[in-house]
Amino acid sequence: MSGDRPTTTARPARAAVPGPRHAADRPRRGGFVARAFGVTAVLSAAGSGLGLLRDLLLARYFGATRGTDAFLVAWTVPETAAPLLIEDAMAFLMVPAFSLALVLREERPHGPDPVRQLVRATLPWLLLALCTLTLAAAVGAGPLVHLLAPGLADPALAVTCTRITALTVLPFGVVGYLCSMLRAHHRFTAPAGIYVAYNLGILAVLLGGHALLGVRSAALGVTCGSLLMTGLLLGPVRRILPGARPDGRPTPRADPAGSVGRTRAARRTARPAHGAAAGGLVLIPLAMLPVAAFTLTRQAQVFVERYLGSGLPPGTISHLNYAAKVSQLAMTAGILIVTVTFPLVARALAAGDLAAARDRVEKDLGQAAAVVLLGTAFLMACAPSVVALLFQRGAFGAHDTAATAEVIRVYSFGLPAQALIGVMVRPFFSLRPVVRRAGDPEPAGLRPLDWYPVAAMAVGLLVTAGVGLAATPRYGALGLAAGNAAGITAAAVLLLRGLLLRGIALRLSRVLGGQARLLAAAVGAAAAGAAAASGPSAPLPATLLGGLTVVIVFAGLGTVLGASEVRDPVRALLRAAGPVTQAAERKPHGR
């Protein structure tokens with residue numbers, strides 16, 4: 001598949017060869033996106049809730065001390081592995097790859113199954129690489145801790161925890177691969193539940209072992225949770241990709257194109273050679289490099305924070321961590337939309353339909369921004385009461401609450417940009433998947449534009465480091481948070497330009513106009529919510545009153561300003577409430 005395409009032309013979609021199609025391959029119309037988003041949202045909310053409970057217990061048992069700082073430095077390993085192997089890089093690589101395999105399966109229903117061949121060609125190499133990375137992280141824990149946080153108060157504890165958390169690399173990689181396969185088949189339930197299993201594992205070990213093992217129990221819980229994630233996905237993957245019958249013939253589910261009668265000899269002759277991943281698909285290993293580099297560069301913002309924060313008073317890294325966890329709940333809610341629609345974008349791009357991909361990306365940008373800006377307005381208005389309600393107990397005191405709330409408000413300036421980057425980078429990398437059709441021209445190596453997201457994130461990283469170095473001596477943790485927000489915003493602006501260069505011809509006036517309307521609604525909602533939350537002295541009433549005010553004002557302003565992402569749901573709710581109200585009025589009153 002060509003890496004760079006013109007903005008005005010698209011490769012004609014290939015005509016599908018008539019033949020039966022597997023139910024998992026067929027995009028569900030109508031309410032598919034709504035149903036998939038609903039399932040994903042519920043399970044992701046459950047996982048986020050358990051993750052919040054995990055952070056509450058960490059704050060309760062250990063507070064914000066040198067011990068929690070040491071654990072959080074060790075947590076850098078799974079924090080880096082998760083986006084690289086689960087959420088970002090693996091998905092950017094394998095969802096388009098599996099989507100292209102499914103398109104090819106539809107076009108050639110009676111040939112070798114491209115999905116099965118893709119798994120055979122990629123999974124063994126992935127497992128070898130993951131085992132190597134796991135061993136390297138465990139053996140090199142000492143130098144890694146010194147590199148990440150040279151001023152850490154308890155480096156020995158951090159090294160021990162790092163060796164434990166290094167064991168997550170292998171299961172995380174397997175989880176990311178299996179999630180990509182399931183999502184490409186439009187199976188979202190099990191992938192949405194992985195963080196439920198992950199956090200249950202952490203909570204179980206943390207609750208049972210905190211008194212005996214201290215903060216090491218959290219590190220052990222991280223490893224146990226990663227194994228539970230893997231176990232959760234094995235059953236669903238087995239159902240969409242089962243093995244062969246004893247006689248060597250594939251089962252009907254394993255051969256969705258209907259070629260059940262294919263023999264062993266036929267399959268042997270269909271096996272690709274010289275790097276071909278499937279009958280009709282060829283691996284492009286170089287395409288992995290920009291994706292991995294982008295994810296690592298994006299994650300390097302955390303490295304900058306940990307590095308600079310290690311020289312500040314003990315507890316600063318913990319304040320940054322708690323603030324980031326609360327702030328990112330809003331961003332995660334917006335990314336859920338993209339998680340569901342990414343396979344649709346990848347399938348459209350695999351079929352050469354740039355117009356459909358553009359429309360979907362524009363819609364995703366608006367919907368993700370609406371959700372994230374609503375959450376941002378809430379955090380701006382209610383950060384002190386939210387932190388007090390969630391964390392202020394046990395070893396986490398009022399000083400920690402004030403420090404964390406201030407960081408949350410600064411962090412929140414970068415949340416919309418984080419969400420927009422999550423939307424834009426997916427179609428960018430989908431145009432250069434890790435596999436190509438055997439009949440397409442072979443790419444002549446990587447092109448400069450393939451590295452554009454890496455360059456954009458590198459510029460953002462320089463902004464983060466520059467602002468952090470300049471502001472940290474005077475403002476401490478707030479300077480680090482400001483650097484994070486400034487860097488990620490700069491990267492988002494650059495990546496928007498890169499998406500246009502890549503061939504997704506976004507209508508900028510429409511996109512930017514919609515973003516401006518949503519931003520105006522969020523500013524008004526944050527101001528009104530802050531005024532409402534300042535009344536009650538107790539954290540719970542303040543959070544509820546401020547949050548309700550934010551929602552009402554955001555919905556009202558968004559509707560008045562003509563933001564379709566807000567106006568359309570509001571009108572739908574009003575239409576749904578109308579018949580209910582009329583039915584209640586017609587119902588005779590009891591005597």
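How exposed is R507 in this predicted model? R507 is partly exposed, with a relative accessible area of 28%.

**View 1. R507 pairs with E362 across distant parts of the chain.** The closest N and O atoms of this salt bridge are 2.6 Å apart. R507 sits in the loop between α19 (477-502) and α20, while E362 belongs to helix α15, 145 residues away.

**View 2. Salt bridges with shared partners build one network.** Stepping back from that pair, we find R358, D359, E362, R507 and R510 joined together. Within this group, the side chains of R358 and D359 meet at 2.9 Å, N to O. D359 is partly exposed, at 36% relative accessibility.

**View 3. K325 and E79 form a salt bridge between two helices.** Here the closest N and O atoms lie 3.2 Å apart. K325 counts as buried because its relative accessible area is 18%, under the 20% cut-off. E79 is buried too, at 19%.

**View 4. The largest pocket holds about 1,100 Å³ of space.** Among its 45 lining residues, Q367, A370, V371, F554 and E565 are the closest to the centre. Helix α15 gives the largest share of the lining, with 14 residues; other helices that each supply at least two include α1 (32-62) and α22 (564-586). By type, the lining has 27 nonpolar, 10 polar and 8 charged residues.

Note on methods: Residues numbered from 1 in each chain as written. Predicted model: local features only at pLDDT ≥ 70, side-chain atom pairs only at ≥ 80, totals over all residues. Heavy atoms only, no water. 1 Å grid on protein atoms, 1.4 Å probe; cavity = no way out; pocket = protein on both sides within 12 Å on 5 of 7 lines; lining within 4 Å. Points joined across faces, edges and corners; volume = space filled by probe spheres on them. Helix = DSSP H or I, 4+ residues; strand = E, 2+ residues; numbered from the N terminus. Nonpolar A, V, L, I, M, F, W, Y, C, P; charged D, E, K, R; others polar. Salt bridge = Lys/Arg side-chain N within 4 Å of Asp/Glu carboxyl O. Buried < 20%, exposed > 50% of the residue type's maximum accessible area, 1.4 Å probe, protein only.
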